[in-house]
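Open the model in your viewer and keep the sequence panel beside it. The stops below say what to select and what is there.

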Amino acid sequence: MSYIMKVIEAGNLLELEIYKPLRKVGIKGITKKANYKQTTEQQQKLNQINSKKHCYRLINANFRAGEDLYITLDHKENLTVAQAFLELKNYIRRLNYYRKKEHRPNIKYIGRTEQAGRCHSHVIIEYIPKEVLKKLWKQGGIKIKTLYQAGNFHELANYLTKEECTGKRWTQSLYLKQPKITRMYIRSNVVEKLRTGRKIISLKRYQEIYKELTFNQITGTVLYFQYTKLNC
């Protein structure tokens, strides 16, 4: 039986998502109708899963642990999310003006403004000296942390895409590097090699850091692997 393998490359991270092609061969318990029509609840869950994955991959593709930064910006009281979001955009403009004076390109960032009581913004940002970040933020408090490697940014992506807070607004810099995604058909013997921990030729430069065997009624995913580049 053939499988579909989706290969995702994002920075030093490599992911493999392996599916059975449901619409071609069928899987017991999955009807043809179920392949095409999902309930609203199922679609919402799938959208949330995909949102977390996309955020996680963007972080890995564009930012470096131990160098780039994660900042939290406090906004003034009684602001709406729209007003706080505008403050964040103005802050980014000031940072870009600083970079322009340094003869450097606009800064890379991913940011979100949300309302959980008082409005605040979370921003993953390319390195800028902390004194500059503090000087150019004039609206409230600011917390600055260096990006950490633990968990390969999974926890950070999950936090940025959480659903509990209302009024969320996203922004990101133009031309962020996108994850490279390719799809291919593979045979069951290749899947078995991966399942038992044997490396296929294209994975010689990588070390496995995570493996999961699941079955998802929505996506049909049966195997998921995560690797990191060696000596990177």
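Start with helix α4, residues 81-101. Its 21 residues reach 31 Å from first C-alpha to last, close to the 30 Å expected at 1.5 Å a residue (1.5 Å times one less than the number of residues). Helices are DSSP runs of H or I, at least four residues; strands are runs of E, at least two; both are numbered from the N terminus.

This is a predicted model: local features need pLDDT of at least 70 and side-chain atom pairs pLDDT 80 or more, while totals for chains, interfaces and linings use all residues. Residues are numbered from 1 along each chain as its sequence is written, and side-chain values use heavy atoms, without hydrogens and water.

Now colour the buried residues of α4. Among them are F85, L88, Y91, I92 and L95. Buried means under 20% relative accessible area, with a 1.4 Å probe and protein chains only. Step past the helix to H103: its phi is positive, near 60 degrees.

Next, select Y91 and W137. Both are buried. Their rings form an edge-to-face pair, 5.1 Å centre to centre with 75 degrees between the planes (ring centres of Phe, Tyr or Trp, its six-membered ring, within 6.5 Å; planes over 60 degrees apart). Y91 lies in α4 and W137 in the loop between α5 and β6, so the pair ties together parts 46 residues apart in sequence.

Finish at E114, in strand β4 (residues 109-116). E114 is buried, at 1% relative accessible area. Which side chain does E114 join in a polar contact? That of H122, at 3.4 Å.

Definitions and conventions:
Buried < 20%, exposed > 50% of the residue type's maximum accessible area, 1.4 Å probe, protein only. Polar contact = N/O pair within 3.5 Å; in protein donor to acceptor, adjacent residues only side chain to side chain. Phe/Tyr/Trp six-rings, centres within 6.5 Å; stacked < 30°, edge-to-face > 60°.
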